Amino acid sequence: MMNMTKMVKNMELKQLEYFIAICEEMHFTKAADNLRIGQSALSYQIKALEGELGILLFDRLGKKIALTEAGKILKGHSHKIIDTIKIANDDLQELQTLNKGRLTIGALSGDLSHIASMALLEFHSIYPHIQLQFFAMDDVVKKIKQNAFDLALTIIPPDDDQLNMIPLYEEEFYLVVHANHELANQSDVEIGDLQNIPLILNPKDHCFRHWFDAICAKQGILINPIIESTDIKAIINFVINGKGATILSSRLFRIENNGHLSTIRIKPSLIRKVAIVHHKQKHIGAAAKAFKALLNSYLEIYSWENSDRSSTPKKMVLSQSNKEFL
């Protein structure tokens with residue numbers, strides 16, 4: 001009886017293709033012509049396959065051939081094997097051409113998650129067949145280590161042997177007020193003065209507040225916001241409606257400013273470093289690479305360095321150079 005385990009281990013794809021070609025013609029010479037190889041080479045490959053399997057696939061009856069019982073069994077499965085391999089190759093090709101696949105992105109909740117979600121919205125319009133999952137939370141680095149996310153946008157964490165960190169930019173945070181606010185025309189404000197300004201901020205357990213409160217604590221400053229919210233859109237709407245001031249990153253200000261907001265520099269400057277992180281042992285596929293390229297394009301558009309702080313943001317377009325990066 002034919003050992004199926006041995007057949008799977010020893011059979012080469014090329015030998016299987018040759019076997020199928022012979023089954024279609026039931027003639028070695030015609031099969032060799034179709035394959036554009038010599039008849040002797042074809043006969044050698046089939047004999048080698050039969051030798052490896054330890055069983056005959058064809059009965060040689062003079063100039064004619066006939067399938068043995070083992071040959072009939074192999075023929076019954078051969079097209080399924082070839083079709084399965086073709087489907088696998090097609091699926092892999094679709095992954096590379098971004099016509100199929102899945103991408104899971106995490107971002108630090110707050111302004112970074114807002115930026116990431118805006119980039120993902122554009123990503124989906126360009127690659128609608130990629131299934132997307134997006135999570136905004138404070139423990140994105142932990143999720144990366146657990147292999148739950150492909151990529152995460154976060155503040156640069158301490159050096160970690162499990163992580164690859166791709167620095168994106170440094171950003172400054174500004175006091176943001178309504179354009180008609182009494183402070184709107186002021187160029188800067190001391191950090192100590194923030195405790196006397198009605199502020200609208202994230203709650204204390206939010207990652208931004210952890211970072212901001214730690215900086216204030218070093219200066220002996222205690223901040224008591226008049227309104228707290230986890231919704232960045234709500235915070236900005238409160239400011240637009242003159243209910244108080246907030247603190248925003250330069251890029252988020254450029255994204256959200258509709259002409260009704262003004263910024264005031266905080267002294268000393270509040271600077272934060274942002275990076276994309278992924279697990280060192282995780283394969284970064286075409287979809288993740290495309291998102292990284294598009295995010296960089298997005299951030300370039302909303303770069304605030306040496307630019308007018310009141311300028312209106314443009315629609316993001318994935319540049320040809322970033323498409324070539326894929």
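Two residues are taken to be in contact when heavy atoms of each lie within 4.5 Å. The structure examined here is a predicted model, in which local features need a pLDDT of at least 70 and side-chain atom pairs count only at pLDDT 80 or more, while totals for chains, interfaces and linings use all residues. Residues are numbered from 1 along each chain as its sequence is written, and side-chain values use heavy atoms, with hydrogens and water left out.

Thr154 is placed in strand 5, which covers residues 151-155; strands (E, at least two residues) and helices (H or I, at least four) are DSSP runs, numbered from the N terminus. When its neighbours within four places in sequence are set aside, Thr154 is in contact with Leu108, Leu112, Val140, Val141, Lys273, Val274, Ala275 and Val277. The relative accessible area of Thr154 is 3%, so this residue is buried, where buried means under 20% relative accessible area, exposed means over 50% and partly exposed lies in between (1.4 Å probe, protein chains only).

A pair of aromatic rings is described by the distance of the centres and the angle of the planes. Rings of Phe, Tyr and Trp (its six-membered ring) pair if their centres lie within 6.5 Å, and planes under 30 degrees apart count as stacked, over 60 as edge-to-face and the rest as tilted. The structure holds nine aromatic pairs. Among them, Phe28 and Phe58 form an edge-to-face pair, because their ring centres are 5.9 Å apart and their planes stand at 70 degrees. This pair links distant parts of the chain, with Phe28 in helix 3 (residues 28-35) and Phe58 in strand 1 (residues 58-61), 30 residues apart. Phe28 is buried, at a relative accessible area of 9%, and Phe58 is buried as well, at 1%. The rings of Phe123 and Tyr127, with centres 4.9 Å apart and planes at 55 degrees, form a tilted pair; Phe123 counts as buried at 0% relative accessibility, as does Tyr127 at 10%.

One aromatic cluster is formed by Phe173, Phe208, Trp211 and Phe212. Trp211 also has Arg272 lying over its face, at 6.0 Å from the ring centre, and the charged end of Arg251 sits over the ring of Tyr169, 3.8 Å from its centre. A charge sits over a ring if NZ of Lys or CZ of Arg is within 6 Å of the ring centre and within 35 degrees of the ring normal.

With a disulfide defined as a pair of cysteine sulfur atoms within 2.5 Å, the count comes to zero disulfides. Cys23 is buried, with a relative accessible area of 9%, and Cys216 counts as buried at 1% relative accessibility.
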